[in-house]
Amino acid sequence: MKSSLSSPRKTPRTPPQKTARNTAPQSVPLSVPHAVPLLDLRRQYDGIREDVLAAIARVCDSQSFILGPEVEALEREIAALTGAACAVGCASGTEALWLALVTAGVKPGDSVITTAFSFFASASATVRAGATPVFVDVDPGTLNLDAALVDQLLRAKRPENLRAILPVHLYGQCADMDAFDRIVNEYAKEFEFAIVEDAAQAIGAEWSGRGAGSLGVTAAFSFYPTKNLSAYGDAGIVTTTHPEMAEHMRRLRNHGSPRRYYHDEFGWNGRMDAIQAAVLRVKLAHIADWNQRRRQHAATYDQLFADSGLTSHHGSDESGAPVRLLSRSPQAKHVFHQYVIRAQRRDALRKFLGERKIGSEIYYPLPLHLQPAFSYLGLKPGDLPVSEQAALEVLALPMFPELTEAETRLVVESIADFYS
Ligand SMILES: Cc1ncc(COP(=O)(O)O)c(C=O)c1O
């Protein structure tokens, strides 16, 4: 992988807006809420039901179920949204990560630096590519891969056959891509490695006006049903600024086959279904609005927490406040896939909220370097202390576009009740 393959700066373009026939969510509770789900996809469905069913009917009428025109149209629209030159639809975000790594040049015997604080697939995709993940700790404010620690590691002892750095845009906020660009440029003359984005949680996010998915050499998105842009089953997409890599992705997702029944290399069946693409295209017309509503809910939460007196702001734990909010990078346009707090007595708080029928979740309870599957790396508790502490404290609160202000209020009031 050539380090000269750094991404051209591109401003993301807005995808063509489609008019939904019925956009007003019908099942949003109008009365005072007594329960708040972590995520309520039913409300979203109520607003787009006719369009979704028409899209599925279109695919059934076409009798073209795998790849084909719907997937190709989605690929063009995602390429436009992210500002990457190319997008390649595939079976899941996990598959997208594997395609992103392999086409960026990761091969057996290589190593890939990544965060210890993410979903398992961020690192297991490296293992599937035959390489070894090298876990580095996260920034205590954002919980994204800490570029300063990556730099330190490269200065102290460069991992053998380092081929890529894989930052994850955790919870919908981009990792510090300026810092990773600087690192790639600094080492460019000495050795070559690529930046591969795990953008699974970050569709529509930006860093300094550049779209997630156009910041690295390749990037992976997930359309798992809980994601900001979600399919009605598994689906994912890979983006790249390099057309030749996109062609390689297209072959690899289809058994390494450049044409039917001829196979140049070993790929796999990683194709996307047309029904998923058709559903995603309906939702894509709404993603800018949905992400904007998520940002508004996050601002409401921030304000309610500030008013409640429960928080110390952004990362510092010196005040002993029971709740801490995560840092927001000024360069980042956050899409709040999750709104996450750090809470004292987190597990008791979660139980208390559950009894009040308020949804919450822990993303993630065990850092990757301590997962049994990675025990062969020989890491132990204490090796990555920021990730380990975060795993004890993080709590995701209800967050979805159709959430109401009354619901956010109930969530924060309930948290205040717990600590009173
Ligand atoms: C950060 C991250 N990476 C990768 C994935 C894998 O995506 P998928 O579940 O679509 O395979 C997910 C989603 O679950 C994720 O959150």
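The structure is a predicted model, in which local features need pLDDT of at least 70, side-chain atom pairs count only at pLDDT 80 or more, and totals for chains, interfaces and linings use all residues. Residues are numbered from 1 along each chain as its sequence is written, and side-chain values use heavy atoms, with hydrogens and water left out.

Confidence is given as pLDDT, the predictor's score for each residue from 0 to 100. The protein averages 92. A score of at least 70 is reached by 91% of the residues. Residues 1-26 stay under 50. For this segment the model has 65 contacts beyond four places in sequence, a contact being heavy atoms within 4.5 Å. Where pLDDT is low, the predicted coordinates should not be read in detail.

Helices are DSSP runs (H or I, at least four residues), as are strands (E, at least two), numbered from the N terminus.

A side-chain N or O atom of Asp198 lies 2.8 Å from a ligand nitrogen. On its own the ligand has 390 Å² of accessible area, and the protein covers 92% of that. Accessible areas come from the Shrake-Rupley method with a 1.4 Å probe; for residues, only the protein chains shown count as cover.

Two backbone features fall in loops. The peptide bond from Tyr363 to Tyr364 is cis, with omega near 20°. Tyr364 belongs to the loop between α10 (346-355) and α11 (385-393). His255 is not a glycine, yet has a positive phi of about 60°. The loop that holds His255 runs between α7 (243-252) and α8 (274-284).

Terms used
Polar contact = N/O pair within 3.5 Å; in protein donor to acceptor, adjacent residues only side chain to side chain.
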